[in-house]
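Here are my notes on the model, point by point. Please keep the structure open while you read.

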Amino acid sequence: MSTAGFNSQNGTGTGTGTGQTYTNGPSQNPVALQQLPGVNYGMTHQSTYNPMQAKAPAPPGPGLYPSGPYQPAPPVSSYQPGPPLTSYPSAPGQSLLSRPQMGGPPPHTPPQSASPSPGPRLLPAQATPPPPAVSSSSYYQNPQQPMAPAWQYNTAPPPMGPPASMSAPPRGPVANHMNPAASLAATAPPPSSAAYSTAPPPHMSQSATQPPGPGMPPTSLHGYTQTGTAPPPMNPIAPHAYQPGRPAYGPPPTGPPPTMKPAPPPTGPTMANATPPPPKADGAVAGNGPQASNSYNHVDNKMAGLTQPGPPGRHLGHYPSLPPGYQNTSAPHATSNIHPAMQAATQPYTRAPQPYQQMPGGPGPAQLSSSLAAMSLQSSTPEALRVVNLVQERNLLPPNAIPAPTPCLTQDLQKINCSPEVFRCTLTSIPQTQSLLNKAKMPLGLLLHPFKDLSQLPVVTSSTIVRCRSCRTYINPFVSFLDQRRWKCNLCFRVNDVPEEFMYNPVSRSYGEPHKRPEVQNATIEFIAPSEYMLRPPQPAVYLFVLDVSHNAVETGYLNVFCQSLLENINALPGDSRTKVGFITFDSTIHFYNLQEGLSQPQMLIVSDIEDIFLPTPDSLLVNLNECKELVQDLLKSLPTLFEKTMETQSALGSALQAAFKLLSPTGGRLSVFQTQLPNLGVGALQSREDPNQRASAKDIQHLSPATDFYKKLALDCSGQQVAVDLFLLSSQYCDLASLGCISRYSAGSVYYYPSYHHQYSPAQVERFQKDLKRYFTRKIGFEAVMRIRCTKGLSIHTFHGNFFVRSTDLLSLPNVNPDAGFAVQMSIEENLDDMQIVSFQAALLYTSSKGERRIRVHTLCLPVVNSLSDIFAGADVQAISGLLACMAVDRSVTASLSDARDAMTNAAVDSLSSYRQFVLTIQQPGLLAPACLRLFPLYILALLKQKAFRTGTSTRLDDRVFAMCQLKYQPLVYSMLMIHPALYRVDDLTDEGALNINERTIPQPAVHQLTVEKLCREGAFLMDCGTVMYLWIGRNCHPNFLTQVLGVPNYAAVPENLYLLPELDTAESQRTRAFVGWLRDQKPFFPSLHVIRDESQLKASFMQNMIEDRTESALSYYEFLLHLQQQISK
Ligand SMILES: [Zn+2]
C-alpha cells in the first residue's frame, strides 16, 4: 500500500479536497440555510405553491432527523429536510415536493474563494446575491450563525468567506491539509487563486480558440446536438411528437460526429502510441516521465474494498486492459470535431460501467451486465413515453431487475458517464428552469453511493491535483479543453490553465495530451493526496468497542458471538502498524480494560461514579493492536464468561458513551456500541414510550422523534472529534431507537438492529449477526472524511439525507465513511439553464484510508438539459424518485406526522401523473395514464404506504418502524428498493434456462412476480427477497420433489417451524436453489436472514404484509389505489 502522500506535512489543497472552496458560487448553494422554494409546484421560485411559509413550522423537537434544540444551527438544519415537508400546509392534498420559502440569507457568505470567472455567465451569478428574504419564516432561529455554540467545533471556523473545508473538520488532516499559502490565498479577497497552490504553468497559450464565453458555447460540449443547434424543443403536445425530437438527444447519427468544440488539438497520432504503463505498486512513481511525481497506481484492492485481489495487470484501472484495438489504431474520430478527451475516453470504455458491476463479496457481474446491456441508448427514448393505461395494464413488472434509465447523451458521453450504481439522479434529463420542474411535479435530487466497493478504481498519485481555480471542481471527463493549455470548468465555466505537469500523460508516456489523462477519462477516480497536503500524519485506524454486559445482555448471548467473531477477524481489521483498539464494558458501572504491553493479563478497572466519568488510566486503554494482540485476544476469550453470573440489570449507556468519547477524542476513530436494552441509569436514561395497545389503533404514530437530545448532542461532539458511533441494537423489547439512533445518525455511523435477538431462540438472527459482524469488521473504512457535492452553476443543492453532520451548506462531515452508506440530496434550479446542453454533478469524498493515506474519491455525473415537459418525463427515473420521496417522507413523518407524510406521497403520484396528463398528453383518453417510465410509480408509492416505516393499521412495533425509516434514509437506493418493493420469485421449478454462470456456478434466474397472493399457488414454493430478510414460503401442496430434494423433508408437515438454513443436499434442485439464494445474498453488503415458512408459521403475516397489490383491512389494493389516483387526477 502506498505510503506516498502523507509523510510530509502540510498540505494544501487536498484538503481542499473536498473542499476548500465553495462549490458553485454564492448563488448556487443557498442550501438548507436559505431554504429556497426547492421543488415548488409553483411556476416560479417564489412559488405560489408555498403556503408552507405561512404555516408554522412543525415544532422542532429533537427530531430524529431534524430539529432539536440544535435547530438553530444551519448545519443541522440540513438534517431538517423536514421543513420542506412540514411546510406543507394542509394535510390531505399535500405533496412532499414543495418546500417552504425559507427566505433569509445563508448564514454566512458561502466560502467564496471563487473569483468572478471570466465568463459573463459567471458574473451574474456572483452579482446575484442570494435571495434576500429575511428569515421570518425560517425554521432556523438564527440562520446567521452557522453552528450552535454548544457543539461548535473546537476550531473556530473562519468568520466568513473561506472555504468551508478550511474550518472543518477541526483537526487532523482535514483541517490541516491546506498549506499556509493556500490558506492565505483562500481568505484573501481575490478568490480566484484561492487555495490554488499549484503554480500555474510557466507559459500558457493565450490564443483561445474560443473566448471563454458565457456558459457553454452552443456547440462546444460533446455535441450531442447536431450541428451545434440546440435541441429542438419537443412539441409538448402529441405524444408522437417526442419521437422526432428525441433522437436529437440520443445517440449521434451515424454521419459525421456532431460538433463538439471549436478546435480540438489534433491528437490522433499520439493516441496510437498509448501504451499501458506497467502496473506499479502502490505509491510507486510512474517512472520515467518528465514528471516523476505522476504515478498511476491503480486500484489497491484493499482500498477498493474487494477481498479478492485483482490480477496485477488490472491495477492500472482501465489502462492496462485497453482493448488492443485501441492501442493499435490511430485515434479514432481523431479528425472529427468531437472533443478529443471524449474520443479518447470512449475507446477504452466501451463497457464503461463494467468496473462497477461486481457486487461486493460475490459474483454479480454477469447479472448486472445483462441489465446494463438492456440500457441501450435507444431504449429510453420512445419507450419511456409510451402511454400506459395503468388500470388496464396490470402486469407491469419486468421479469428481471429494472435497470437505471440511461440519460439521453451521446454514446461518447454516456460511455464515460458515472455509473448509476454510484451516482443517480431522479430526472435523467434536467429541466431548463425551475418553473418547468415545478410543472413536472417530480422531485429533483441525487442519490449517491460514494464509497461503494468497486472492483476497479483508477487511483492517481500526482503532485498536482487539477481543480478549477474558481469553484474547486476536480478536472473530469466533462470539462472542455479550449486548447492544450486551457480547460473550461463544466460547473462554473471558468477557463483554467492546464498545469505543466498535467501535460504529461504517463499512460501514453507522451507529452501534450492533457485530455488523455486518467482524470479526464474516468468519471470515478481516486487521488492520493500529495504529501505536501498534510500538516501531520492522518489519523491511525482506531477501534473502540463498547459492550453491554448487563444481565439482559448476557441473556441474549450476543457477547460470545461478538468475541468469537472479533477473534476470527482481528487480523483483518483494516489498518496498519498504528492501529489501536480498546474495550469498555458497562452495566450500572463502567469497566475499562488496561491492555498495556507487558501486563500478563488484561486488567479490568471499574469506575462506578457514572455521573462524572473519568478515564482511570488514559494511556493504556487504547493500545496498539500489533503490540498488544495477545492481551486483546485474552480479553476476548474471557469476556463472555466474565459476566456470566451477573444480576445487574441497569444500563448506564450514556455514561459509557461519554467515557468512550473521552477515550477516542484525541485521535478520532470508530466507536462500536452494543446495546441490548433501554438505557435506564445516569445520563441519557430513557423510558419506554411505546404502548403496544396503541400500535394498531393510534390515529397517528407518536414518538418518532427522540425523547432526549443527549444522544444527538453527544454525536455532534463525536463528529467534532472525528469519532463515528455505530450502534448494534440487539433486543427483545422496546429500546427507543428513535432516541438512541441519533448517536449514529449525526456522527455518520451505522445502525444495526436485531429485534428479538437470542442465541437460542432466534438462530436466524444469530446467523445474521455473525455475518454482519464479519462484514463490519473487515469492510473498508475511511476516517476523518468530508464529502462535498458540487453542481453546475444554476443548480442548487439543499436538504441532505443520510447519516452525517452538515458542516456547511454543502459539506458533509463524515467521521467515518463506509462502503455501505448511501446519501441523497434534493436540488432546485436557481437560475435558468438556458444556454446549457448538459450539466454536471460532482461528489468529492476526502478521507483517510485505514493505511493512513489521505485520498480523494471523485465521481462526476453528466446529464442533459431539456426544455420540454415530455423530455423531462421521458427521463424520469422512477426508482430514484421513489427512493428520494421515501427519504422526504421520513422527514415529514418526524417533523409533521405520519399521516401527513402518507398524504404527501400519494399526492406525489397524483401530481406528477396529473401534470403528465395535462401538459404532455394531448389526446385525452379515459383511464389512468402514465408514461412507461413512470408506470411503476403508483405501485411504488403504494408499496411505500404499506412499508413498515409508513404503514398504519398494523401492529408495527415502534422500533421496527423507526429502524425502517433509518434504513430508507441511509441505505443505497438499490437496497432501499428491495425494502420498498420486495422481489418475489417462484423457486420450486427452477431451471437452468437463462441462468447465469458465475465462477462455474449456475445461477438460475427466475422471473420476478407481482406481489399478490394471486401469484402464489399451493403447489409451489416462493422466495421473497425483502433486502435484509428473505422468506421462502412453502405451499401446502408443494410438490414433493421440492420438499425432498431441496428441504430434505418427506412432506409438508415435516417442514420445521424455525427453518432458516437450506440443507446442503446433493441434488440438482438443492444446488439450484442454494445458488440462487446465495447469489441474491452476495449482492448485498449485509446478510439477509432466510425464513422458511408454512401457512401455519408465525412469520406468515410478515410475508403476507409484503403482498403489496392485495387489499388489507387498512389499506387499498393496487387496483383500488389506481382508481383512487384516477379519481384525484380527474378532479
Ligand atoms: Zn469551476
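Predicted model: local features only at pLDDT ≥ 70, side-chain atom pairs only at ≥ 80, totals over all residues.

**Notes on the model**

1. The chain averages a pLDDT of 73. Of the residues, 65% score at least 70.

2. Two stretches call for caution. Over residues 1-95 the pLDDT is below 50. That stretch still has 429 contacts in the model beyond near neighbours in sequence. Residues 98-381 also have a pLDDT below 50. Here the model has 728 contacts beyond near neighbours in sequence.

3. Next, the metal. Which atoms coordinate the zinc ion? The donors are the SG atoms of C468, C471, C489 and C492. Their distances are 2.2 to 2.3 Å.

4. What is the geometry at the zinc ion? The site is tetrahedral, with angles of 98 to 116° among the four donor atoms. For reference, the ideal angle for four tetrahedral donors is 109.5 degrees.

5. The spacing of the zinc donors along the chain is C-x2-C-x17-C-x2-C. C468 and C492 link distant parts of the chain, 24 residues apart. C468 sits in the loop between β6 (459-461) and β7 (480-483). C492 sits in the loop between β8 (486-488) and β9 (495-497).

6. Are these two cysteines buried or exposed? The cut-off for buried is under 20% relative accessible area. C468 has 0% relative accessibility, so C468 counts as buried. C492 is at 4%, so C492 counts as buried too.

7. Now the sheet. Three strands form an open sheet, ordered β7-β8-β9, with antiparallel pairing. Why does one side of β7 and of β9 lack a neighbour in the sheet? Both strands stand at the edges, and each has a single partner strand, so one side of each stays without a neighbour there. From one strand to the next, the twist averages 35°.

8. The pairing of β8 with β9 can be checked bridge by bridge. These strands pair in the antiparallel sense over three bridges. For R486, the bridge partner in β9 is D497.

9. Helix α31 spans residues 973-980 and is mostly covered. How many of its eight residues are buried? Seven are. The buried residues in α31 are L973, Y975, S976, M977, L978, M979 and I980.

Terms used
Residues numbered from 1 in each chain as written. Heavy atoms only, no water. Donors = N, O, S within 2.8 Å, 3.2 Å for Na, K, Ca; no water. Tetrahedral: all angles 85-135°; square planar, octahedral: opposite > 155°, others 65-115°. Helix = DSSP H or I, 4+ residues; strand = E, 2+ residues; numbered from the N terminus. Buried < 20%, exposed > 50% of the residue type's maximum accessible area, 1.4 Å probe, protein only. pLDDT = per-residue confidence, 0-100. Contact = heavy atoms within 4.5 Å. Pairing = 2+ DSSP bridges. Axes fitted to C-alpha atoms, helices over the stretch in contact; angles between N-to-C directions.
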